[in-house]
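Take a look at the two chains below. How do they sit against each other, and what do they share where they touch?

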There are 2 protein chains.
Amino acid sequence: MEAACELMRGRGYGAIGVAEICERAGVRKGSFYYFFESKQALTVEALRQAWQGESAGWRAVLESEDHPFRRLEALLRAQAQSQHDSKRDVGTVRGCLYGNLTLEVGRHDEAVHACLKEIFDEQVVMVHKVLLEAYTDGHLPATRASRDHARAVLAQLEGMVLFAKLDNDPHHLDTLWPQVEGLLGIA
Amino acid sequence: MEAACELMRGRGYGAIGVAEICERAGVRKGSFYYFFESKQALTVEALRQAWQGESAGWRAVLESEDHPFRRLEALLRAQAQSQHDSKRDVGTVRGCLYGNLTLEVGRHDEAVHACLKEIFDEQVVMVHKVLLEAYTDGHLPATRASRDHARAVLAQLEGMVLFAKLDNDPHHLDTLWPQVEGLLGIA
């Protein structure tokens, strides 16, 4: 699963085959098919496992005792940092695996699409929860604590990651927080 | 080139081969290789041609005599409309071909990446020019008429297109303008 994620982060879903995944992982094709029915099945499992690990980090940050805005800011800073780390470690901004596959695969591959939708839906719910807390605490009017606003925050993150990947420049992500302050009207 | 764009919009770059492009276009492989060296070469030409057509529309809107903010709003409305049209005509939000390929291909394919970078760089320059006009006209402080702000506007567009594609819901794009008002601090 790690080998698949690694390969797909670099070149996408369609360009990678089971043979190449097996070669990278150092396993035989027979072993692969003992555990997974197809590349699709492996990808769904790999995405789920990746998000299971990553979402724990999201929860740790978003469910802390800090001011709701500080939690959001910390989440965005962590996202920027992971692209800075990628640039430092492998020389390229690899972007977000979920975003990459969402734009590549679309709805053509039902199982992969459904899995990506679950992951992003969970992200929207998590950010929305923080906005609702900010509303409850009197920091944000109800009109700006909507699910649409949570989606807009994540859209800004995904869009800036796209430009960071395009330009191979993680510094694009350093201004995410002021952008989100603007989106939420709290600048 | 149309057949290639059509296929890649749906399933990406890596999953589509020359044989399939030829079949869709109703031409023989021999004819293909008479005109193009490879799928990569065709893709670069197809992307250039697509953007050449599309950028004329961008220029018409962004270089009009309207108030700078009305021009930006019109651009975003046109982008939303094209995803509404896609949903109406083929049943799915197909997203932005440039964004799709940027996230899928990354820097792995040098020629395709360089072409996508040119296209997005031109988009950033076009939006930045409008922000600078808004500054000159006294509608925007210099600090918010930066190239970074132009990129942030386009990032919000690409990010919301990602969610519209994920959820197959073009209505996500109906609130782009208020979001951009927030990003520019002009709400």
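What follows goes from the symmetry of the pair to the interface and then to the record's annotations.

This is a predicted model. Start with the overall arrangement. Two copies of a chain are related by a rotation about an axis and a shift along it. Here, a rotation of 180 degrees superposes chain A on chain B, with 0.0 Å of shift along its axis and an RMSD of 0.0 Å. The two copies are thus related as by a two-fold rotation axis.

Now turn to the contact between them. In chain A, 39 residues are in contact with 39 residues of chain B. Of the interface residues of chain A, 100% are also interface residues in chain B, so the copies meet through the same surface.

How much area do chain A and chain B bury between them? The value is about 3,500 Å², and 68% of it falls on carbon and sulfur atoms. Three residues stand out on the side of chain A. Leu103(A), Phe163(A) and Leu166(A) supply 20% of the area that chain A buries against chain B, more than any other three residues.

Polar and charged groups also take part. Between chain A and chain B, eleven residue pairs are in polar contact. The interface also holds two salt bridges. One of them joins Lys117(A) to Asp167(B), with the closest N and O atoms 2.8 Å apart.

Which helices of chain A build this side? At least two residues each come from α1 (2-11), α6 (97-105), α7 (110-136), α8 (147-167) and α9 (176-184). The largest share, 13 residues, comes from α8(A). Sorted by class, the side of chain A that touches chain B has 14 nonpolar, 16 polar and nine charged residues.

Last, the annotations. An unreviewed UniProt entry places the feature "domain: HTH tetR-type" at residues 1-54 of chain A. In the model, residues 1-54 of chain A are 76% helix and 0% strand, and the end C-alpha atoms lie 15 Å apart. The unreviewed UniProt entry also places a "DNA-binding region" at residues 17-36 of chain A. Residues 17-36 of chain A are 75% helix and 0% strand, with the end C-alpha atoms 13 Å apart.

Terms used: Residues are numbered from 1 along each chain as its sequence is written. Chains are lettered from A and ligands numbered from 1 in the order in which they are written. This is a predicted model: local features need pLDDT of at least 70, side-chain atom pairs count only at pLDDT 80 or more; totals for chains, interfaces and linings use all residues. Side-chain values use heavy atoms; hydrogens and water are left out. Copies are superposed by least squares on the C-alpha atoms of residues with pLDDT of at least 70 in both. Contact means heavy atoms within 4.5 Å. Buried area is the accessible area (1.4 Å probe) that two parts lose on being put together, summed over both. A salt bridge is a side-chain nitrogen of Lys or Arg within 4 Å of a carboxyl oxygen of Asp or Glu. A polar contact is a pair of N or O atoms within 3.5 Å; within protein, one must be able to donate a hydrogen and the other to accept it, and residues adjacent in sequence count only if both atoms are side-chain atoms. Helices (H or I, at least four residues) and strands (E, at least two) are DSSP runs, numbered from the N terminus. Ala, Val, Leu, Ile, Met, Phe, Trp, Tyr, Cys and Pro count as nonpolar, Asp, Glu, Lys and Arg as charged, and the others, Gly among them, as polar. UniProt positions are given in the numbering used here, feature names are shortened, and annotations may be inferred rather than shown by experiment.
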